[in-house]
Amino acid sequence: MEISAKSADRNLLLEFSGELDHHGARDALREVEMAVDAALPKKLVLDLSGVTFMDSSGIALILRAQQRMQLLDGSLLVCNVPAQAKRVLDAAGIGRLVTIR
Amino acid sequence: MKTKASNEVTMEFPSRSSNEGFARSAVACFAAQLDPTLNELEDIKTAVSEAVTNAIVHAYPDAIGKVLVKVRICPGNVLELTVKDRGRGIPDVDRARQPMFTTGGEERSGMGFTIMESFMDKLTVRSVPGKGTTVVMKKRLAPRMKAGK
């Protein structure tokens, strides 16, 4: 799992690539938290276009990012979700809790 | 009664998180002989990942134990997956299967069983506290026309 960060005007874009499973989730979670704490964004965008596999570990990461942004009074957007990851999010009903585009 | 399998494979590995990727890829390789669609293959990989992760995180929280994965090809194009551990067991299986229920801390979502149920046709969980947990999942794959036949 690799995460690249781009930040401008208090918008933080995090681009994920690789497999987002339990094995990679702990480091990914830490990286997301560190990037958010450093940028203190108003808007956080998680771009999942490079995710080749995702299981419920990805749901935990997205919900954690959402909580972090709520503490900052900011917003979260999850975008470019590949088909397999989308089915995982849909099965868990995450679209009701998080903005997915 | 146990249905007869036309082919099967069993693998056993230590409960290290680096084996999650191995387990789902190995199962997908074996399942390929049923000529699954890409969606079916992804569903199977996701279900394996959830079950194996549960064994790694919950069955052996403070130690490394053995995780057994068995894949059987049963009549009617049915794939049967068994993930078994000899870990600490689940005291209340019904509660563990509830969406969002987790004892796994902030990096777990509590959606593992929900996803297994959603991606497979049938899910059975047997657990004895102190003895271990066995998860059996079945999925019938859509029969496909073989080219040239």
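These are my notebook entries on a predicted model, covering confidence, one residue and one interface.

**Conventions.** I number residues from 1 along each chain as its sequence is written, letter chains from A and number ligands from 1 in the order in which they are written. In this predicted model, local features need pLDDT of at least 70 and side-chain atom pairs count only at pLDDT 80 or more, while totals for chains, interfaces and linings use all residues.

**Confidence.** I looked up pLDDT, the predictor's confidence in each residue, from 0 to 100. Chain B averages 93, and 96% of its residues score at least 70. For the complex, the predictor gives an ipTM of 0.93 and a pTM of 0.93.

**Leu123(B).** I located Leu123(B) in strand 4 (residues 122–128) of chain B; strands (E, at least two residues) and helices (H or I, at least four) are DSSP runs, numbered from the N terminus. Is Leu123(B) buried or exposed? Leu123(B) is buried because 20 other C-beta atoms lie within 10 Å. A residue is buried at 20 or more such atoms, exposed at 12 or fewer, and partly exposed in between, with C-beta atoms placed from the backbone.

I then listed its contacts (C-beta atoms, placed from the backbone, within 7 Å). Beyond neighbours within four places in sequence, Leu123(B) is in contact with Met116(B), Glu117(B) and Met137(B). I also noted that 24 Å separates the C-alpha atoms of Leu123(B) and Arg16(B), which are 107 residues apart along the chain.

**Interface.** I found 19 residues of chain A in contact with 21 residues of chain B. On the chain A side, helix 1 (22–39), helix 2 (56–71) and helix 3 (83–91) each supply at least two residues. Helix 2 of chain A gives the most, with 6 residues.

Note on methods:
Two residues are in contact if their C-beta atoms, placed from the backbone, lie within 7 Å.
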